[in-house]
Structures are given as C-alpha cells and as structure tokens.
Amino acid sequence: AYDTNLLADAVADMATIADVTGAEFKGPVMLPTRKKIYCVLRSPHVNKDAREHFEVRTHHRLVDFKKLSALTVEALMQWVPPPGVEMESSICTNATGGNQLRRLQQRQAAKAAMA
C-alpha cells in the first residue's frame, strides 16, 4: 500500500477476522519499504537543469495465520481489502511454512536491492 493508515486498517481487519474465527494471528512484521523516484523535466524544451523529483513509497507487511479453519479461509477470501491495498496470500503446511517464509523474505530483499 502507499498509505500506512490504510495498511494498518487492513491488518486490523485481518486480525478481527482471525479473532472471530478462532485462528491464531501473528504480525504485522514490517518488511522493507520500496521507494521509487521519478525525475521529470519542468520544461520540455529548455532548462534541462530544472527538474522535479517525485517519489512513491510502497509499504509491505507480513502477517501469519496459524490454526486455520475452513471458516477463516472463507472469511479471508470474502474480505475485500480497502482501495489502495494489495494483498498476496499463500497457504502452506507446517513442514513447508518456514521455507516459504524464507523464500518470500529473500524475494522481497532481492526486489528491494534491484529498486
């Protein structure tokens, strides 16, 4: 999300869903913020030294649900995140959960290094 308040509200909604359905909720873990800077010429024909810089910050959070039930999964699938918040989810078993978490963190770190 670009706005941390929207992201905090979305995490609070997910925590509420976990409490209502009896799932165990952990998080949010703050992942690195991606910052993209755009440089724009103020005048297209002259004054090449006059430039404006704009930046877009994308904030990431990691949350973990444990002891999922069918009701929890259904509630999360029906929940619509607020506009401006993008959600990515994966369901894993206990044996593969740690490996997938490490891979997700490595991907996030690689993307942050490339940006």
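What follows is a short walk through the fold, the surface and a few individual residues of this chain.

The model is predicted, so to speak of local features a pLDDT of at least 70 is needed, side-chain atom pairs count only at pLDDT 80 or more, and totals for chains, interfaces and linings use all residues. Residues are numbered from 1 along each chain as its sequence is written, and side-chain values use heavy atoms, with hydrogens and water left out.

Three helices and two strands make up the secondary structure of the chain, arranged along the sequence as α-β-β-α-α. The radius of gyration is 19 Å, well over the 13 Å that the globule rule gives for 115 residues, so the chain is more spread out than a compact globule. Helices (H or I, at least four residues) and strands (E, at least two) are DSSP runs here, numbered from the N terminus; the radius of gyration is taken over C-alpha atoms, and the globule rule is 2.2 Å times the number of residues to the power 0.38. Along the principal axes, the C-alpha atoms fill a box of roughly 65 × 30 × 20 Å.

As for burial, 19% of the 115 residues count as buried (under 20% relative accessible area, with exposed meaning over 50% and partly exposed in between, for a 1.4 Å probe and protein chains only). The chain exposes about 8,700 Å², and carbon and sulfur atoms supply 54% of that area (Shrake-Rupley method, 1.4 Å probe). Turning to contacts (heavy atoms within 4.5 Å), of those between residues at least 6 apart in sequence, 66% join residues at least 24 apart. The chain carries 15 positive and 12 negative charges, whose mean positions are 10 Å apart. Lys and Arg count as positive and Asp and Glu as negative, leaving out His and the chain ends, and each charge is placed at NZ of Lys, CZ of Arg, CG of Asp or CD of Glu.

A search of the whole structure turns up one aromatic pair. The ring centres of Phe25 and Phe65 are 5.2 Å apart with the planes at 65°, so this pair is edge-to-face. Rings of Phe, Tyr and Trp (its six-membered ring) pair if their centres lie within 6.5 Å, with planes under 30 degrees apart counted as stacked, over 60 as edge-to-face and the rest as tilted. The two partners sit 40 residues apart, Phe25 in strand β1 (residues 24-41) and Phe65 in strand β2 (residues 51-66), and thus link distant parts of the chain. Phe65 counts as buried, at 17% relative accessibility.

Lys66 is also in strand β2 and is partly exposed, with a relative accessible area of 39%. Not counting residues up to four places away in sequence, Lys66 touches Ala23 and Glu24. Its C-alpha atom is separated by 15 Å from that of Val29, 37 residues away along the chain. Over in helix α3 (residues 94-114), Gln108 is buried at 15% relative accessible area. Neighbours within four places aside, Gln108 is in contact with Leu31 and His60.

Asn47, in the loop between β1 and β2, is not a glycine but has a positive phi, near 55°; Asn47 is exposed, at 53% relative accessible area. Lys67, in the loop between β2 and α2 (70-78), likewise has a positive phi of about 60° without being a glycine, and is exposed at 64%.
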